[in-house]
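Student: I have the sequence and the model open. Can we go through the fold by question and answer?

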Amino acid sequence: MNCERPYVLFALLLIIPIIFITFIKNRKNSVAVEKNFSIQGTNNKKKRLFKFGKMTRIKSVLFIIAWAMLILSYAKISWGTDLVPVQKNGSAVSFVFDISNSMLAKDGPRGVTRLRAASIYAKKMIGKMQGIPVSVVLAKGDGVTAIPITEDYAMIESLLDVLSPSLMTTPGSSLGKGILKAKESFPANYATAGRIWVFTDGEETDNHLKNALIECLKSGVPVTIIGFGNETETDILAGDGKTHIKSALRSQKIKETIESAVKNLSYFKNQTQVNYIDSIEKGSAITLLSQISKNDVQTLSYEEKSVPRYKLFLILAVILFAAGFVITEFDVSRFIPEAQHTASLVIIFCTFMLFTGCSSDTTKILKGSYAFNQKQYSHAVSCYLDVAMNAQEEGNAVVYNFSLFDLGTAYSKLEENEAAMEKYSQISENALDSVRYAAFYNAGIIAHKSGRFEEATEYFRKALEIDSSSIEAKINMELSIQQAEVEVQQKKAQAIPATDEKPDNPELENAIFESIKENDKNKWKSSESTSEQNLAGDY
């Protein structure tokens with residue numbers, strides 16, 4: 001579910017006073033009319049007056065709900081997705097390169113590294129792709145668009161010649177994030193059908209590949225993963241330059257991930273557009289080139305778009321308004337004599353519960369979250385503080401721990417790190433694991449940024465004790481340990497005093513001084529230069 005204008009929903013709160021005002025006004029009018037009719041004194045008129053009062057109340061309820069439907073319509077609420085066919089001309093390709101250290105294994109053709117083999121393969125493909133726009137993405141960290149969509153192949157080839165893990169210092173590889181970044185490299189409403197080619201050995205550290213493939217399937221962006229390396233494991237060095245690890249082409253893992261992603265979205269028409277190709281397989285390049293087309297060829301692609309529901313709310317509003325007018329013109333009680341009064345009470349009760357069911361703390365949390373998303377962190381802090389105080393007084397430990405976490409996060413956004421750390425430390429050990437993990441993780445980030453690396457290491461270790469599968473916490477803990485070791489070495493170096501060496505023997509000092517004076521007298525006596533210097537090593 002998505003809401004483009006969430007602030008409009010606050011207008012629903014105005015319906016509560018409108019309900020009371022409307023019913024009080026209708027009751028006064030009914031009493032006045034009843035008095036007028038009772039003076040005229042016929043039983044039939046009094047009976048008709050009673051029905052009129054009930055009809056007026058029901059009409060008011062229908063009008064109020066109709067106005068609520070109009071507000072929801074203006075808020076632009078949407079849910080569900082639908083596939084929309086899009087006609088596009090030609091193709092564009094985004095190259096995604098895995099530049100992790102595993103790609104340095106020398107098990108490529110003729111003993112070259114996997115990364116070098118991928119670079120050569122891509123350059124040969126470019127030579128056959130004249131007129132096809134290309135972008136280059138590096139799949140490391142959050143993914144980086146090294147070269148946006150362009151037809152300047154010389155610039156792309158220059159980058160391919162220098163591909164190396166040292167281009168980015170972020171440890172590990174994230175094929176999924178690289179694919180999503182490549183998907184973003186195609187501008188919105190791009191007239192050319194985008195394709196993504198991933199050059200990798202299948203080694204990844206965050207397991208985001210499946211989710212990225214699902215997102216591409218939904219958006220109608222075909223993905224082809226091209227494998228490099230050998231299925232036999234090869235010994236390589238990790239990013240620290242010391243640890244030896246085993247790496248191989250994980251083709252089976254890639255195929256299983258693709259199969260799982262396609263299976264989850266079996267109802268999509270474009271499910272077959274995600275596949276795997278081995279780079280050394282005969283005809284692999286021809287298979288890739290057959291996927292792309294020139295600008296004069298039209299292709300049909302399916303893109304997933306959210307389904308807007310404003311029309312539904314508009315129709316409901318019109319129906320309710322019409323029902324409100326009709327119900328006062330027709331004598332419905334002839335058909336449902338006793339149910340009418342009960343129905344009106346049920347409608348009033350449901351409406352009241354719908355708009356007043358939220359507690360004051362819930363409302364403040366929503367206001368604080370909205371202010372936080374709008375980057376109004378000071379206002380968010382004030383909302384969370386009220387909730388924390390109320391929860392502490394009421395003894396509601398769950399709400400109190402959540403509010404402490406929200407306070408800490410808001411303080412960190414205001415650069416009030418000490419206040420943030422204090423709130424994180426106040427979270428109870430009995431809090432939910434998700435809250436405690438997030439608190440330790442955020443505290444570790446703050447400590448690392450402040451240069452307190454040992455403290456950051458301890459926070460990340462506590463986070464891993466709660467969730468041992470967190471790749472982010474593992475990486476950050478390793479980085480904190482490395483920084484702490486560097487800091488210790490620097491402190492040791494600074495602790496060594498620089499002493500001046502003085503000769504213990506004064507006679508030796510005088511002898512050295514006299515020797516220097518003698519050399520100064522004789523240095524101008526030599527009129528011929530010494531033998532020619534050897535400059536071969538000075539390059």
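Student: What share of the contacts in the chain with a separation of 6 or more comes from residues 24 or more positions apart?

Tutor: This is a predicted model, in which local features need pLDDT of at least 70 and side-chain atom pairs count only at pLDDT 80 or more, while totals for chains, interfaces and linings use all residues. Residues are numbered from 1 along each chain as its sequence is written, and side-chain values use heavy atoms, with hydrogens and water left out. Contact means heavy atoms within 4.5 Å. Among contacts with a separation of 6 or more, the share from residues 24 or more positions apart is 74%.

Student: How many helices and strands does the chain have?

Tutor: Helices (H or I, at least four residues) and strands (E, at least two) are DSSP runs, numbered from the N terminus. In this chain the secondary structure comes to 18 helices and 11 strands.

Student: What percentage of the 539 residues is buried?

Tutor: Buried means under 20% relative accessible area, exposed over 50%, and partly exposed in between, with a 1.4 Å probe and protein chains only. Of the 539 residues in the chain, the buried ones make up 37%.

Student: Is strand β7 largely enclosed or open?

Tutor: Take both faces of β7: V223, I225 and G227 lie on one side, T224 and I226 on the other, and all are buried. That is five of the five residues of β7 (residues 223-227), so the strand is largely enclosed.

Student: In β10, which residue is the bridge partner of I226?

Tutor: Strands of a sheet pair through backbone hydrogen bonds, either parallel or antiparallel. β7 pairs with β10 (residues 274-278) in the parallel sense over five bridges. T224 of the bridged pair has N275 as its partner in β10. For I226, the partner in β10 is I277.

Student: Through which helix does the chain cross from β6 to β7, and what is the hand of the crossover?

Tutor: β6 (residues 193-200) and β7 also pair in the parallel sense over five bridges. A crossover is right-handed if, with the strands pointing away from the viewer, the path from the first strand over the helix to the second runs clockwise. The β-α-β crossover from β6 to β7 goes through helix α6 (residues 209-219) and is right-handed.

Student: Are α3 and α4 roughly parallel or roughly antiparallel?

Tutor: Angles under 35 degrees count as roughly parallel, over 145 as roughly antiparallel, 65 to 115 as roughly perpendicular and the rest as oblique. Helix α3 (residues 114-127) packs on helix α4 (residues 153-161) at an angle of about 165°, with axes 9 Å apart. The two helices are therefore roughly antiparallel.

Student: How is α13 oriented relative to α15, roughly parallel or roughly antiparallel?

Tutor: The axes of α13 (residues 397-413) and α15 (residues 433-449) come within 10 Å and cross at roughly 20°. That makes α13, relative to α15, roughly parallel.

Student: Which residues of α14 meet α15?

Tutor: α14 and α15 pack at an angle of about 155°, with their axes 10 Å apart. That makes the pair roughly antiparallel. On the α15 side the residues are A439, N442, A443 and I446, and on the α14 side they are N417, A420, M421 and Y424.

Student: Is A380 buried or exposed?

Tutor: A380 lies in helix α12 (residues 377-394). Leaving aside neighbours within four places in sequence, A380 is in contact with G368, A371 and F372. The relative accessible area of A380 is 0%, so A380 is buried.

Student: And N430, buried or exposed?

Tutor: N430 lies in the loop between α14 (417-425) and α15. Its relative accessible area is 74%, so N430 is exposed.

Definitions and conventions: Pairing = 2+ DSSP bridges. Axes fitted to C-alpha atoms, helices over the stretch in contact; angles between N-to-C directions.
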